[in-house]
Amino acid sequence: MKVTITEQDEIAVVEVTGDIDSKTAPEFERNAKLATEKSQKIAIDLTNVEFMSSAGLRVLLMVFRNIKSQNGKVILVGVSEDIQDVMSTTGFINFFTIVGTLDEALVILKQD
Amino acid sequence: MMESKSFPGNVDSLDSLREYVGELSQQAGLAKKPTYSLKLAVDEIATNIILYGYQEAGLNADFAVLSEITDKELVLILEDVAAPFDPLAKDLPNAKDLTLSLEERGIGGLGIFLTINGVDEFSYEYADGKNRNKFVMKIAAT
């Protein structure tokens, strides 16, 4: 798994490539935390993530709480059907905005 | 006849474990969605074995995947030599917990919830000094 953070107009974009499991989740968490420290507006691009276990859900929970406490906003991008099913089963899906492309996420985040 | 494959008890094994579960699912003719659910279930239980059964206890050991494919089902057993641990003995999140806002909910038990939810049958036994976590996936008739 690889994580990169880029900044575009005060929006931090966290792009993940690869599987998020209990081996790789700490690296995802470290970067996601860094992003929430840089910006209140975050896009997490999961287009290139095929697999995410509950270790990844824990990181999303952390991001949600950090962003909420700063009155910010987080948008998830390109979440696979399998991962959306898991988010739905666990009730996580109701708390996140999910869009198909990074451009859509940037448009929404810039509006706020 | 059960097939058996062993993996070193550390998180580096999770990748190849999921790949192996994918191969078995393909051999069994499992569809894409149940294949993902099984990979997730096995990953969650293996993670518990590795992090708590082995690492936290300072135990350096392998775990094994036993499997059997029939016309009707794929049976997979994770076998480890850690101290007895029944994942079903823990309190699982209930329907109300899962509707709680993310600010107020605890995160414990989510992995085991996903495991039970994702497979057709899940059971646990401790026998001959080994934990045996068993997963069964029914194969849809085509």
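Two strands pair if DSSP finds at least two bridges between them. By that rule, E1(A) and strand E2 (residues 11-17) of chain A are partners, joined in the antiparallel sense over seven bridges. The model you are looking at is predicted.

- Chain A has an open sheet of five strands in the order E1-E2-E3-E4-E5, and the pairing is mixed.
- The edges of this sheet are strand E1 (2-8) and strand E5 (97-99) of chain A; each has a single partner strand, so one side of each is left without a neighbour in the sheet.
- On average, and ignoring direction, neighbouring strands here are turned by 20° against each other.

- Which residues sit in the loop between E1 and E2 of chain A? Asp9(A) is one of them, and Glu10(A) is another.
- Phi of Asp9(A) is near 45°, a positive value in a residue other than glycine.
- Glu10(A) is not a glycine either, yet has a positive phi of about 65°.
- As background, most residues other than glycine have a negative phi.
- Is Asp9(A) buried or exposed? Asp9(A) has 9 other C-beta atoms within 10 Å, and is exposed because the cut-off for that class is 12 or fewer.
- Glu10(A) is exposed too, with 11 other C-beta atoms within 10 Å.

**Two helices of chain A**

- Helix H1 (residues 25-38) and helix H2 (residues 54-69) of chain A have axes that come within 9 Å and cross at roughly 10°.
- That angle is why H1(A) counts as roughly parallel to H2(A).
- On the H1(A) side, the contact uses Ala25(A), Phe28(A), Glu29(A), Ala32(A) and Thr36(A).
- Facing them in H2(A) are residues including Val59(A), Met62(A), Val63(A) and Ile67(A).
- Sorted by class, the residues of this contact are eight nonpolar, three polar and two charged.
- Ser69(A) is also found in helix H2 of chain A, and counts as exposed, with 11 C-beta neighbours inside 10 Å.
- Ser69(A) and Gln40(A) are 29 residues apart along the chain, and their C-alpha atoms are separated by 9.6 Å.

**Two helices of chain B**

- H1(B) and H2(B) pack with their axes 9 Å apart, at an angle of about 145°.
- The crossing in which H1(B) passes H2(B) is right-handed.
- H1(B) brings Leu14(B), Leu17(B), Arg18(B), Val21(B), Gly22(B) and Ser25(B) to this contact.
- H2(B) answers with residues among which are Leu38(B), Val42(B), Asp43(B) and Ala46(B).
- The residues of this contact divide into six nonpolar, four polar and three charged.

**The sheet of chain B**

- Chain B has an open sheet of five strands too, with the order E1-E2-E3-E5-E4 and antiparallel pairing.
- Strand E1 (3-8) and strand E4 (121-127) of chain B are the edge strands, each pairing on one side only.
- Neighbouring strands of this sheet are turned by 20° against each other on average, direction ignored.
- How many bridges join strand E2 (residues 62-69) of chain B to E3(B)? Six bridges join them, and the two strands run antiparallel.
- Within E3(B), Leu76(B) is the bridge partner of Ser67(B).

**A loop residue in chain B**

- Leu92(B) lies in the loop between strand E3 (73-80) and H3 of chain B.
- With 16 C-beta neighbours inside 10 Å, Leu92(B) counts as partly exposed.
- Setting aside neighbours within four places in sequence, Leu92(B) is in contact with Gly109(B), Ile112(B) and Phe113(B).
- The C-alpha atoms of Leu92(B) and Ile116(B) are separated by 9.9 Å, and the two residues are 24 apart along the chain.

**Where the chains meet**

- In the contact between the chains, 21 residues of chain B meet 19 residues of chain A.
- On the chain B side, the elements that give two or more residues are helix H1 (13-28), helix H2 (32-55) and helix H3 (110-118) of chain B.
- H2(B) gives the most to that side, with seven residues.
- By class, the side of chain B that touches chain A has ten nonpolar, four polar and seven charged residues.

Notes: Residues numbered from 1 in each chain as written. Chains lettered and ligands numbered in written order. Predicted model: local features only at pLDDT ≥ 70, side-chain atom pairs only at ≥ 80, totals over all residues. Contact = placed C-beta atoms within 7 Å. Helix = DSSP H or I, 4+ residues; strand = E, 2+ residues; numbered from the N terminus. Nonpolar A, V, L, I, M, F, W, Y, C, P; charged D, E, K, R; others polar. Axes fitted to C-alpha atoms, helices over the stretch in contact; angles between N-to-C directions. Parallel < 35°, antiparallel > 145°, perpendicular 65-115°, else oblique. Buried ≥ 20, exposed ≤ 12 C-beta atoms within 10 Å, placed from the backbone. Left-handed = near helix turned anticlockwise from the far one by under 90°.
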